Amino acid sequence: ERINNNSLHHMIISIISIFDNLSSMKRSEINAAINTAKKMMDEYNWTLPEWGYWSKEDYKDKPEISKYLKDHQMGWDVTDFGKDNFNSQGITLFCIRNGVQGVKDDKPYAEKLLFMQEGQEIPFHSHKVKLEDIINRGGGDLAIEFLEVDKGFRELQKEIDVLVDGQTLKIQPLKPLILKRGQSVTVERNVYHKFYAVEGTGMVMAGEVSQVNDDNKDNYFLEPVGRFSDIEEDEAAIHLLWNEI
């Protein structure tokens, strides 16, 4: 069967991403990112589920819950996208609730917290299955850029309609949409987007409310990335990442 350009592009990106997963982050870097996120949650009176504070031993002691969390990709997630520069391309996330894509009787929704320090960004990516809202929950201003491409992955120059708290706005490609605290935007399927904290406004705690999330199969990046990194164990983990459970 003939493979179209779009499928071939994503197949190549997926293969490259497998090799990029061989890059590593230091455990101390991951621990510091999680501690920074927890400090911000304390500032805004956010409390995680009990298992959000579990140690490695706690997961071992509660295998049934641990399996559920692993299967549903729930818990801590810290990544530098295989770029080895967490301070420029990286993010700290916590998935609070989630279903499993393709499982009819499971939850049809997901919720995450996303923490971006100034200077960090999530590179351009899209989703084929997941429709999502991104919310500025606290901290500085959140910038989101949008981009659409054709089947040959050429950038389209037409305006993009985005829904911001019930109001449809027309946004030029690559022009940042700035969300103040409390504002949100709906990100449509197949629309590429990247987001970051606006320089000079401080770290951002964002929220994501969406259809079921699958970080293994439903992330399509414009550039080769490694969604998960190997970890250099230079110190003990304060909390496991969900893909380590």
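**Strand 2 and its partner**

I began with strand 2 and strand 3 (residues 91-97) in this predicted model. The two strands run antiparallel, and I found five bridges joining them. I then checked burial along strand 2 (residues 75-79): five of its five residues are buried.

Eight strands form it, in the order 2-3-4-13-6-11-8-9. The sheet is open and the pairing is antiparallel. Strand 2 and strand 9 (167-171) are the edge strands, each pairing on one side only. I noted an average twist of 25° from one strand to the next.

**Strands 6 and 11**

I looked further along the order. Strand 6 (residues 132-139) pairs with strand 11 (residues 184-187) through four bridges, again in the antiparallel sense. E132 has V187 in strand 11 as its bridge partner.

**Helix 2**

I then asked what helix 2 packs on. Helix 2 lies on the sheet and touches strand 2, strand 3, strand 4 (109-116), strand 6 and strand 13 (204-211). The direction of helix 2 makes about 125° with that of strand 2.

I checked the helix length too. Helix 2 covers residues 27-43, 17 residues in total, so at 1.5 Å a residue it should span 24 Å. Its end C-alpha atoms are 24 Å apart, which agrees.

Which residues of helix 2 are buried? I listed R27, I30, N31, A33, I34, A37, M40 and M41. For background, an α-helix has 3.6 residues a turn, so residues three or four places apart point the same way.

Last, I looked just past helix 2. N45 takes a positive phi there, about 60°.

Technical notes
Residues are numbered from 1 along each chain as its sequence is written. This is a predicted model: local features need pLDDT of at least 70, side-chain atom pairs count only at pLDDT 80 or more; totals for chains, interfaces and linings use all residues. Side-chain values use heavy atoms; hydrogens and water are left out. The expected span of a helix is 1.5 Å times one less than its number of residues. Buried means under 20% relative accessible area, exposed over 50%, partly exposed in between (1.4 Å probe, protein chains only). Two strands pair if DSSP finds at least two bridges between them. Axes are lines fitted to C-alpha atoms, for helices over the stretch in contact, and angles run from 0 to 180 degrees between N-to-C directions. Contact means heavy atoms within 4.5 Å.
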